[in-house]
Amino acid sequence: MSPADRPPTAADRPLTLADYATAARPRFTPAVRDFLEGGAGDERTLAANTAAFDAVHLHPRVLAGHQAPDTTTRILGRDWAAPLGIAPMAYHALAHPEGEVATARGAGAAGVPLTVSTFAGRTFEDIAAAATSPLWLQVYCFRDRGVTRALIERAERAGFEALVLTVDAPRLGRRLRDLRNGFELPGGIAPANLTGDGFDSPSAHALAEFDPALDWSVLAWLRTVSPLPILLKGVLTAQDARRATTEGAQGIVVSNHGGRQLDGAPATLTALPVVAEAVDRACPVLLDGGVRRGTDVLTALALGADAVLLGRPALHGLAVAGADGVADVLGIVRDELTDAMALTGTGTVTDVTPALVTPALVTAGPAPGRPAVAAPAGTGLRTRDLHASVSDPVLDTMNFLNEITTRYPDAVSFAPGRPYEGFFDTEQIFTYLRHYVDHLHQQGSTPEQIRTTLFQYGPTSGHIRELIADSLRKDEGIDVPPEAVVVTVGAQEAMLLAVRALITGPDDALLASSPCYVGITGAARLLDITPVAVEEDEDGVRVDRLAAAIDAERARGRRPRAFYVIPDHSNPSGTTLSLKARQELLDLAEREDILLLEDSPYRLVSPGERLPTLKALDRNHRVVHIGSLSKTLFPGARVGFAVADQPVTDETGRTTVLADALSKIKSMVTVNTSPISQALVAGMLLTADGRAGELNTATAAYYGDAMRVTLDALEDAFPPQERTALGVRWNEPSGGFFLSLTVPFRADEAALTQSAEEFGVIWTPMAYFHPQGGGEHALRLSVSYLTHEQIKDGIGRLARFTRARAATNGR
């Protein structure tokens, strides 16, 4: 590498990416220049990618009425200043002495992420220290998985936020220019995060060290290594894209230069709409390859990308002016994108549609052997036109289970987490309504007032706050004023209100125990929030892991606000926190200044002595308590509540409680909870002097028996010796509706379909409940809905299925 003559001043700084490429050329020796310009593929790759962009034109629009276009985009829960990031490239020190450290500073100044190559020339720790925007790690999977694991763990400790697995490079392509030049890395430049033989040559490392036999199981393996989201880089076909989402990839990078360019293989832009259509918003789709102008970015967005990654131009900027050059290159692209959005009448990134691409030019004249880019559809909506949450797998989980249950009505279903129907009596509905009407009359309400209470909308916070507060005092020792209670449409709405109130933007973090109830994950996803998973062990969440997660979020520049947990008989795992763990959790919340979202639906329907709730132990307003009267009293009424007594002070010094803020949000969501539903559950409470626990004496005993029947049936179905040989194990909850079963096969939707169709038993994959991956070899059993005979029959069917699946899938 030739030394830079001098960094350009503002007056003579290049104006376009092409200018930067020209200015960078004299700063390299011919061999280094060929190495950098060659990319990771062969000489045809870049030409094919840039030509594809040249063949597509954008459709201008005038008088659109927008202010200055907003380029902000959101990927994997983080806001980027533009739908633009830096692609993974090795050995930045070839362009500038500071290498990736300077690149990270430039990316941070531009407000976009940097994907760091496995073969970076600076340590992950040094790069992270310089970074102010997200860092992703590009991962190659080596023959020695220990090397890959060590790299990932090191990057995770340094604060990296995602893994980008390169899947199209089991070997490098024939880089003819490097072969002709006999290129070797200059002295002093080497992979800073790898050691050992085989890692000192840019081509030999692939031939000697890459695992050439990767299959889709590598995603499951990566999830055992790290909870970080995984993106697959190198996907070019609809088949691979669909398989990637099925296997749990949380992002796809359309890229064709991780390996050798095949004759007739598509350019990245040509493959993009095919991949985007196949993914159908299930995860972000990024494009890497051929982007050289802001119009290229807008074209990629129009054809289905959520963002693009910029490669060689970033190195050109680095070579010419270090971190400032990187930031300037990114700024040029962003400015050009802003201009292109203005000229096409596009106000925000989310406004970009296929209609921006001129149809005639999109469909005309594809390169020989390559498919044409699809023209925009008609006026009908596509999923990509809707909010991304509707394509999130977590929102499909219940629909899939319902569909399976409907398709196989004779199957024994351990899926529904709902109460046993044998306790319901239709005539009780009228009794409970009469109890509540009598109560209102005794309280002095006139017939007209009672009529208004039952028939009109009513107060947003609810009619029955006083009764719920009284019940909490008697049953749980939770002493709060009625004003701290908001009556909600089930506990699900309470979660949505609390998350919306507390998470104010992308810099706020919601943490959740993992596995966790899908309702909190889904509510967060609707609000464009990605929960940070804190893994449980067999005794529930570990406070030290929560503390580490809080520290990690703060190291990323984020503010942890709340931690969601079900302390008693949790859904899905069935775990219960000890009294010691509860107190430690409260101490940590006070020390770290976070709130605890305590979800508590299963306590009163479980037998035996109950440990105090977090809220009952709360002395410093650290707990927002979420409760459900669906599980304990009347499922169909769909009544829940939130207890939020945290003081909130406004700019004038006036203090209210958090419940008031939740009520304001509720007024724009459901307006109020059905007065008839409130009347029904209130009537039930009144029959027992407000003591819901007394109403659940028989139900708690039934559910306790159901759990014992299930555990005994598992013992009978899987004798100890066979259990050990198969690798089957389960936990033994003391109450609640759920337990977790570990199995020797991948417990996915394909396995569930076979289980229902061939063996007549339905369960829930535990992977549904892990927001950042995990649980692939476990399933949830719900014991609440079935009779004891159905439980015994169902466990027998499940054992037969497990043996059959294990025999075909291996151990």
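A: Helix α4 is followed by G111, whose phi is positive, near 75°. Helices (H or I, at least four residues) and strands (E, at least two) are DSSP runs, numbered from the N terminus. This is a predicted model, in which local features need pLDDT of at least 70 and side-chain atom pairs count only at pLDDT 80 or more, while totals for chains, interfaces and linings use all residues. Residues are numbered from 1 along each chain as its sequence is written, and side-chain values use heavy atoms, with hydrogens and water left out.

Helix α4 spans residues 100–110 and is largely enclosed by the rest of the structure, because nine of its 11 residues are buried. Buried means under 20% relative accessible area, exposed over 50%, and partly exposed in between (1.4 Å probe, protein chains only). In α4 the buried residues are E100, V101, A102, T103, A104, G106, A107, G108 and A110. Contact here means heavy atoms within 4.5 Å.

Elsewhere, eight strands make up an open sheet with mixed pairing, ordered β12-β19-β18-β17-β16-β13-β14-β15. Its edges are β12 (485–489) and β15 (540–541), each of which pairs on one side only. Two strands pair if DSSP finds at least two bridges between them. Between β12 and β19 (residues 639–643) there are five bridges, in the antiparallel sense; T488 has G640 of β19 as its bridge partner. Helix α22 (residues 579–592) packs on this sheet, touching β16 (559–565), β17 (595–599) and β18 (623–628), and its direction makes about 145° with that of β17. Helix α24 (residues 658–667) also packs on the sheet and touches β12, β18 and β19, with its direction at about 30° to that of β12. Axes are lines fitted to C-alpha atoms, for helices over the stretch in contact, and angles run from 0 to 180 degrees between N-to-C directions.

The structure holds zero disulfides (pairs of cysteine sulfur atoms within 2.5 Å).

As for confidence, the chain has a mean pLDDT (the predictor's confidence in each residue, from 0 to 100) of 86, and 85% of its residues reach 70 or more. Over residues 197–208 pLDDT stays under 50, and the model has 29 contacts beyond four places in sequence for them. Residues 259–264 are also below 50, with 16 contacts in the model beyond near neighbours in sequence.
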